[in-house]
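Please look over the sequence and the model shown here before reading on.

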Amino acid sequence: MAAPLLSAPGRALLLALLLAMASGARGQIITRLPTEEKVVALSFDACEAFEPMHLDEALTGFLLERALPFTVFMGGRFARDNKDAVRALAAHPEVEIENHSWSHNADMRRLSDERVRNEVLWAGAEIRRDTGRRTRFFRFPAGVADERTVALVEAMGYRVVHWRYASGDPDPNLSVERLVRDALAQTRPGDILIFHINGRGVHTAEALPRIVDGLSARGYRFVRLDALLP
Ligand SMILES: [Zn+2]
């Protein structure tokens, strides 16, 4: 019989690696969709930290009227404070609702393991109660995360989804023209675009129709995250 290719410790390491892969361990922040086709995901954050925030009606009106598929990363407090509007939004099959933490802590890297888990757990439970939907993607507040916090969230069965470039739509100095120009110039196949749908996007409702039309004219189509992310 041929000598084994790997020593015993080598085999143990390989086995551990294979087990980790099989259990879905990733340690990965997703920043784009796995495609080279002209497909983009429109994602919107509905954050709420301390002050109550509400859905941007002009923005949701446009998205729903055009029946565009889109994904909302919703805070637990936001869902709690906007139950009726959130329930109505979730009644539309083109709308995906995902988890954006309970309290929108500005730096979740500073929280204990238990606090990190509770941020995810409580938001997921609130969204489930209000909409009947189970969330499976998580976005860190302001995209601030590290290896430990990503691993904690993934161990709860979530995948972490951020973006490749941010629109910067809460910045009042970004004009409609600028938002449109940047989005059309920067968008690549598989991008996950990020805007705000809680009123923090100063010119988003004005800019988005032109962004959607501009991308459509360039051959792009729009999908929910769960259409392309396993
Ligand atoms: Zn946010």
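Are Cys-47 and His-100 buried or exposed? Both Cys-47 and His-100 are buried, where buried means under 20% relative accessible area, exposed means over 50%, and partly exposed lies in between, with a 1.4 Å probe and protein chains only. This is a predicted model, in which local features need pLDDT of at least 70 and side-chain atom pairs count only at pLDDT 80 or more, while totals for chains, interfaces and linings use all residues. Residues are numbered from 1 along each chain as its sequence is written, and side-chain values use heavy atoms, with hydrogens and water left out.

**The zinc site**

The zinc ion is coordinated by Cys-47 through SG and by His-100 and His-104 through NE2, at 2.1 to 2.2 Å. Donors here are N, O and S atoms within 2.8 Å of the metal (3.2 Å for Na, K and Ca), and since water is not among the atoms, sites may look incomplete. Along the sequence, the donor residues of the zinc ion follow the spacing C-x52-H-x3-H. Cys-47 lies in the loop between strand S2 (39-46) and helix H2 (57-65), and His-100 in the loop between strand S4 (95-99) and helix H5 (113-131), so the pair ties together parts that are 53 residues apart in sequence. Helices (H or I, at least four residues) and strands (E, at least two) are DSSP runs, numbered from the N terminus.

Of the 8 residues of S2, 8 are buried, so the strand is largely enclosed by the rest of the structure. Both faces are covered, with Val-39, Ala-41, Ser-43 and Asp-45 buried on one side and Val-40, Leu-42, Phe-44 and Ala-46 buried on the other. In a regular strand the side chains alternate between the two faces of the sheet.

**Aromatic rings**

A search of the whole structure finds 4 aromatic pairs, and rings of Phe, Tyr and Trp (its six-membered ring) pair if their centres lie within 6.5 Å, with planes under 30 degrees apart counted as stacked, over 60 as edge-to-face and the rest as tilted. The rings of Phe-44 and Phe-70 have centres 5.7 Å apart and planes at 90 degrees, so this pair is edge-to-face. The pair links distant parts of the chain, as Phe-44 is in strand S2 and Phe-70 is in strand S3 (residues 70-74), 26 residues apart. Phe-44 is buried, with a relative accessible area of 0%, and Phe-70 is also buried, with a relative accessible area of 0%. Together with Phe-195, Phe-44 and Phe-70 form one aromatic cluster.

Gly-75 lies in the loop between S3 and H3 and is buried, with a relative accessible area of 2%. Leaving aside neighbours within four places in sequence, Gly-75 is in contact (heavy atoms within 4.5 Å) with Ala-46, His-100, Ser-101 and Trp-102. The C-alpha atoms of Gly-75 and Trp-102 are separated by 5.3 Å, although the two are 27 residues apart along the chain.

Arg-77 lies in helix H3 (residues 76-81), and its contacts beyond four places in sequence are Glu-48, Ala-49, Phe-50, Trp-102 and Ser-103.
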